[in-house]
Amino acid sequence: MKCEYCNGTLSFEEEYCPHCGQRNKHAQQHIKDMLHYQGEFETTKKDIHETTKEYSRNMVQLVMITVLVILAVVMIFVSANAYSFCFDYMDKKAERNVEKYTAVMDEYIKAEDFRRLYLFCEEKYISGYDEAYSHYSPVIRAATDYYYFCENLVWIMESQDMGYDSSVESMCNYLNNFYYCMDMSHFDYMENADRKENREALEVMELYIKRMLQSYCHFTEEELDGFKDLSDAKRTVLIEEKMGNEE
Amino acid sequence: MKSRDIRTIVLNIVIVALVFLNIVIGGVAIDEVRSFLRTYREDESGFLYALDAEDYDLMLDYYYQNCGSDGKEDKKLQEYYDIAKYYEAAFYYKIHMDAGDVERAAKYQAIMDEISARVGEFAFALEDIDKRFAEY
C-alpha cells in the first residue's frame, strides 16, 4: 500500500511509514482487528480443546464402564457355572487319561482293594456313567456302595453318634444298591459292561461283604446263602433283625 | 456446575460402583472354583483327638480323606496313618480268618506285622485294636 503522506510503499502491518515516519492509520485498525480476531481464535481454540478433552475423558469412562460390565457378566457366568466348568474339566481329564486310570483301577481290583478303588474314582471324577469307562461301570458303582456299606458297618460296630438306626438303614440301602449292581441286566445299555473281569470283581466284593456280615453281624453261612436273590425289603428286615438281636 | 461436570461425576460414580461389584462377583467366582478344588485335610490335632477317644475308624476316615487313593502320605502324620491302616487290616484280617481263608488273612497279617514292627509310642493303640477285634 502507499503512504497517504509521502506516497512511499509500506506494508499493511507497519504502524509508521518507513519513509516519512507518519502514523499509518490503516495499520492501527488492522492491528486492532487482528488482536480482536486472535482473541476470538484463542477462545474458540480453547473451547474446542476443552470440549475435545471432555469428550475424550467421557469416552474413556464409557469404555471403562463397558469393560467393567462385560467383566461382571463374565464373572457372574463363571460363578454360576463354576461347578459345571470344573466337572467338565475333570471329565475331559479322565477321558484323556483313560488308559492310565484304568491301569490303576485294574491294580486295585487285582489287590481286592475296593475301598481305594472307590476313592480313586472319586478323586479322578470317574463315574460309572462315563462313556469312556462304561466297561467298568458295574464295578465302579458297586465299589461306591461297597465303600459306604463298610463305612456304615464300622460305624455300627463302633456305635458312632450318627445314630444306630440310621446307620443300619443306610448300610442296608448300600447293600441293596450293591446287589442291584450285581445284576448285569441293569447295565445292558453300557457297552461291554458285562465282562468276565467285572463279574469276578463283583463276586470278590460280595464275598467280602458276606464275610463282614458273618464276622460283624453274626450271620451264619446258611443264612447268607441266596442272600443275593432276596428282595431288598427282605434283606433289610433280616439285617435289622440281626442287628436288633446284637443290640 | 456445568452439565458436563455432572456427567463426568455420574460416570465416575458408576465406574466406582462397577469396580466394587466386580470385586464382589470376582470373589464369589474364585470361591466357587476354590471350593470345588479344595481338598480337606485333617491335621495332627484331629488324629490326636480320635486317638484319645480310641476312635480308630474315625482315624481311618481321616486317613482316607488325607491320602485318598494315591497313598501319598505325610511323614509327620505317618504314625497316625499306621494306626488307621492297622485298623483297616485288622478289620479284613478278622473276616478272612473267621471264614478260614488263610491266604487272604495272611495278606492283611503281613500289613499288621509290618506296622507293628515299626510303631513307636502308639503301640498301645495296636494292642487296643487287637483286643477290640477279638471281642467282635
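1. A word on terms to begin with: helices here are DSSP runs of H or I with at least four residues, numbered from the N terminus. By that naming, T144(A) sits in helix α5 of chain A. Please keep in mind throughout that this is a predicted model.

2. Let me stay with T144(A) for a moment. Its side chain comes to 2.9 Å from the backbone oxygen of I140(A). R115(A) is 29 residues away along the chain, yet the C-alpha atoms of T144(A) and R115(A) are 7.8 Å apart.

3. E151(A) is buried but makes no salt bridge.

4. Now to the interface as a whole. On the chain B side 46 residues are in contact with 50 residues of chain A. About 4,200 Å² is buried between the two chains, and carbon and sulfur atoms supply 57% of that area.

5. What of the polar side of the interface? There are 17 residue pairs in polar contact between chain B and chain A, counting those with both residues at pLDDT 80 or more. The number of salt bridges between the chains is three. One of the side-chain pairs joined by a salt bridge is E112(A) with R104(B), at 2.7 Å from N to O.

6. Which helices of chain B supply at least two residues each to the side touching chain A? They are α1 (3–37), α3 (56–67), α4 (78–98), α5 (102–118) and α6 (123–135). The biggest share comes from α1(B), with 19 residues. By type, this side of chain B comprises 24 nonpolar, 14 charged and eight polar residues.

7. Last, a residue in helix α6 of chain B: F124(B). This phenylalanine is partly exposed, with a relative accessible area of 44%. Between F124(B) and Y136(B) there are 19 Å from C-alpha to C-alpha, for a separation of 12 residues in sequence.

Definitions and conventions:
Residues are numbered from 1 along each chain as its sequence is written. Chains are lettered from A and ligands numbered from 1 in the order in which they are written. This is a predicted model: local features need pLDDT of at least 70, side-chain atom pairs count only at pLDDT 80 or more; totals for chains, interfaces and linings use all residues. Side-chain values use heavy atoms; hydrogens and water are left out. Contact means heavy atoms within 4.5 Å. Buried area is the accessible area (1.4 Å probe) that two parts lose on being put together, summed over both. A salt bridge is a side-chain nitrogen of Lys or Arg within 4 Å of a carboxyl oxygen of Asp or Glu. A polar contact is a pair of N or O atoms within 3.5 Å; within protein, one must be able to donate a hydrogen and the other to accept it, and residues adjacent in sequence count only if both atoms are side-chain atoms. Ala, Val, Leu, Ile, Met, Phe, Trp, Tyr, Cys and Pro count as nonpolar, Asp, Glu, Lys and Arg as charged, and the others, Gly among them, as polar. Buried means under 20% relative accessible area, exposed over 50%, partly exposed in between (1.4 Å probe, protein chains only). Lys and Arg count as positive and Asp and Glu as negative; His and the chain ends are not counted.
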